[in-house]
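Me: I am new to this structure and would like to go through it in questions and answers. Please show it before we start.

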Amino acid sequence: ERSYDLGVRSFQLSLPNWGECTMNEIQRFFTETCGRFKDCSFLHYNCPRSKRMITPDEYGLLAEEFQNLVATKNGAGSSVQMIALVRKAPQVRHFLTEFNFASGCLLGLDVGFLISIASIRWKTAQLFYQSCLDRKELVSYKHLRAHETVLDLVCRLLLEKKKRKER
C-alpha cells in the first residue's frame, strides 16, 4: 500500500516462503494483490523457495481471472513444462532462464530472457540472447568451442559457475 500511495504501479511478487501454499491460499494471495490493485501490473516470480511452484494449468486460471498478472519469471522446470506454460497462459509474458529460453526461441515461442550467466560473462549472455532471437543453433565466439550449440554453452557456463563456487 505504501508503494502504491507513492505512485508505484508495477510490482514483482512471489508466494510466501514460510510453507507450501494450497491452491486456496494461492487464490487468496492473488486476490489480495492483483485483485485489490487492479490498476497495477504484476510479475510473479515462481521460485522454489516458496516451497510451491505454480503449474502451467494454475497460471492459465490465474491469468484469466487477473488480467493485471502480466508476466512470470520461471527458473526451474523442463522444456515440456515451459511449452505448457506458454500455451496455458499465452496472455502473460514468460521470462525463462537460458535453457528454456533457447528451447522456446528455437520452437518459435514468444518468451523473455531471464539472464543468469550475465554475472559470469556479459558479452556471452548478449550473444546467447541474440543467437536465440535469431533462432541460430550454433554460435561463434572466441570463448566458445566450435561445435557448441547454444544449449551446450549454457550447460558449460553453469557448470563452470558451480565449480567456482565450490572452490
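Reply: What follows is a set of questions and answers on this predicted model.

Me: How many helices and strands does the protein chain have?
Reply: Read along the sequence, the pattern of the predicted model is α-β-α-β-α-β-α-β-α-β-α-α. Counted by kind, the protein chain has seven helices and five strands.

Me: What percentage of the residues in the protein chain is buried?
Reply: A residue counts as buried when its relative accessible area is under 20%. The protein chain has 167 residues, and the buried share of them is 41%.

Me: What share of the accessible surface belongs to carbon and sulfur atoms?
Reply: The accessible surface of the protein chain comes to about 9900 Å². Of this area, the share of carbon and sulfur atoms is 53%.

Me: Among contacts between residues at least 6 apart in sequence, what share joins residues at least 24 apart?
Reply: A contact here needs heavy atoms within 4.5 Å. Among the contacts in the protein chain between residues at least 6 apart, the share that joins residues at least 24 apart is 54%.

Me: Which element gives the most residues to the largest nonpolar core?
Reply: This core has 29 residues, and those with the most contacts inside it are I26, F30, I54, L62, L69 and F101. The elements that give two or more residues to this core are α2 (23-35), α3 (56-65), α4 (79-88), α5 (98-106) and α6 (122-133). The most, four residues, come from α2.

Me: Leaving aside neighbours within four places in sequence, which residues is I26 in contact with?
Reply: I26 is one of the residues with the most contacts inside the largest nonpolar core. With neighbours within four places in sequence left aside, the contacts of I26 are L15, C21, R52, I54 and L62.

Me: Are R52 and E58 buried or exposed?
Reply: The side chains of R52 and E58 meet in a salt bridge, at 2.8 Å from N to O. R52 is also in contact with I26. As for their accessibility, both R52 and E58 are buried.

Me: How many residues apart in sequence are the parts that R9 and D39 tie together?
Reply: A search of the whole structure finds five salt bridges, among them one between the side chains of R9 and D39 at 3.4 Å, N to O. R9 lies in the loop between α1 (2-5) and β1 (10-13) and D39 in the loop between α2 and β2 (41-46), so the pair joins parts of the chain whose separation in sequence is 30 residues.

Me: Does D110 count as buried or exposed?
Reply: The side chains of D110 and R93 meet in a salt bridge at 2.4 Å, N to O. The pair links distant parts of the chain, with D110 in the loop between α5 and β5 (112-113) and R93 in strand β4 (residues 93-96). R93 has a relative accessible area of 31% and is partly exposed. The relative accessibility of D110 is 58%, and over 50% a residue counts as exposed.

Me: Within what arc do the buried residues of α4 fall?
Reply: In α4, the residues M82, L85 and V86 are buried. They line one face of the helix, because, seen down its axis, they fall within an arc of 90 degrees.

Me: Which exposed residues does the face of α4 turned away from its buried side carry?
Reply: The buried residues of α4 have a cover that includes α3, β3 (69-74), β4 and α5. The face turned away from the buried side carries the exposed residues V80 and R87.

Terms used:
Residues are numbered from 1 along each chain as its sequence is written. This is a predicted model: local features need pLDDT of at least 70, side-chain atom pairs count only at pLDDT 80 or more; totals for chains, interfaces and linings use all residues. Side-chain values use heavy atoms; hydrogens and water are left out. A nonpolar core is a set of buried Ala, Val, Leu, Ile, Met, Phe, Trp, Tyr and Cys residues joined through side-chain atoms within 4.5 Å. Buried means under 20% relative accessible area, exposed over 50%, partly exposed in between (1.4 Å probe, protein chains only). A salt bridge is a side-chain nitrogen of Lys or Arg within 4 Å of a carboxyl oxygen of Asp or Glu. Accessible areas come from the Shrake-Rupley method with a 1.4 Å probe; for residues, only the protein chains shown count as cover. The arc is that of the directions from the helix axis to the C-beta atoms.
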